[in-house]
Amino acid sequence: MDTKKIGKFLKELRKEKGLTQEQLAEILSVSGRTISRWETGTNMPELSILIQTAEFYNVEVKEILDGERKSGNMEKELKETLSKVADYNKLEKEKITKAGNIAFSMAFVVCAAMIVIQLLMTGELRIVAGETVVLLVGGVIYIGIMTYNGIWETGFGFKSTPSTDAVTAVICAGVFAAVLAICYIRLGMAMPQAVHNALIFFAGIAIVGFGVLRMLAYLSHKRKGKI
């Protein structure tokens with residue numbers, strides 16, 4: 001440790017503040033002669049006073065012990081490191097969210113498939129009514145939590161856009177409309193009438209589904225901007 005260099009640095013800091021040795025001594029509750037010894041490198045401040053001095057000059061203790069301020073390169077490197085840490089934390093969060101999304105999606109799809117199979121086998125809507133309600137409520141709660149946290153789009157392989165939301169809404173509506181048509185036919189409805197009802201159902205669900213997906217994307221983006 002170069003006490004001469006430290007003393008010179010302390011002197012520079014004092015002059016930047018526009019203070020005399022006596023004025024600084026009064027602030028730090030020491031004698032003017034003590035300040036002089038610090039600045040000539042004859043003596044060093046005690047640890048408690050060193051910390052107080054660093055806080056007063058708005059520098060780090062390490063900078064005083066090094067006898068110089070951090071270089072621009074050091075500050076740049078520190079910012080880059082912090083930026084990389086932030087990116088790493090974001091990546092880890094996205095991985096966890098993606099895993100959660102995949103797990104929930106798989107469970108949701110399996111449960112929905114079982115409901116559809118039961119519906120096709122029995123043709124009785126009332127038999128799967130309870131399971132359907134539970135599945136829908138669970139899905140709504142999960143999506144609500146994701147939207148509230150601003151991570152509805154995080155972890156998915158595609159970004160929510162009007163085109164992707166439209167495709168998703170059409171596919172889902174098509175699947176449910178086809179299942180509904182088959183159920184109507186199994187219940188004894190004429191095929192033309194079953195297809196007609198299914199098409200009306202398809203149009204309504206597709207429009208509603210698209211609107212819901214767009215609203216979720218908007219709310220998630222708005223929420224993310226506040227976090």
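I started with helix α2, which passes helix α4 in a right-handed crossing (the near helix is turned clockwise from the far one by less than a right angle). This is a predicted model, where local features need pLDDT of at least 70, side-chain atom pairs count only at pLDDT 80 or more, and totals for chains, interfaces and linings use all residues. Residues are numbered from 1 along each chain as its sequence is written, and side-chain values use heavy atoms, leaving out hydrogens and water.

Next I looked up who touches whom (contact means heavy atoms within 4.5 Å). From α2 I found Leu 24, Ile 27 and Leu 28, and from α4 Gln 52, Thr 53, Phe 56 and Tyr 57.

Then I turned to salt bridges (a side-chain nitrogen of Lys or Arg within 4 Å of a carboxyl oxygen of Asp or Glu). I found 4 in the structure. One of them joins the side chains of Lys 5 and Glu 68, at 3.6 Å from N to O. I noted that this pair links distant parts of the chain, 63 residues apart: Lys 5 sits in helix α1 (residues 3-17), Glu 68 in the loop between α5 (61-66) and α6. Helices here are DSSP runs of H or I, at least four residues, numbered from the N terminus.

Last, I checked Val 110, which lies in helix α6 (residues 72-122).

Technical notes: Helices (H or I, at least four residues) and strands (E, at least two) are DSSP runs, numbered from the N terminus.
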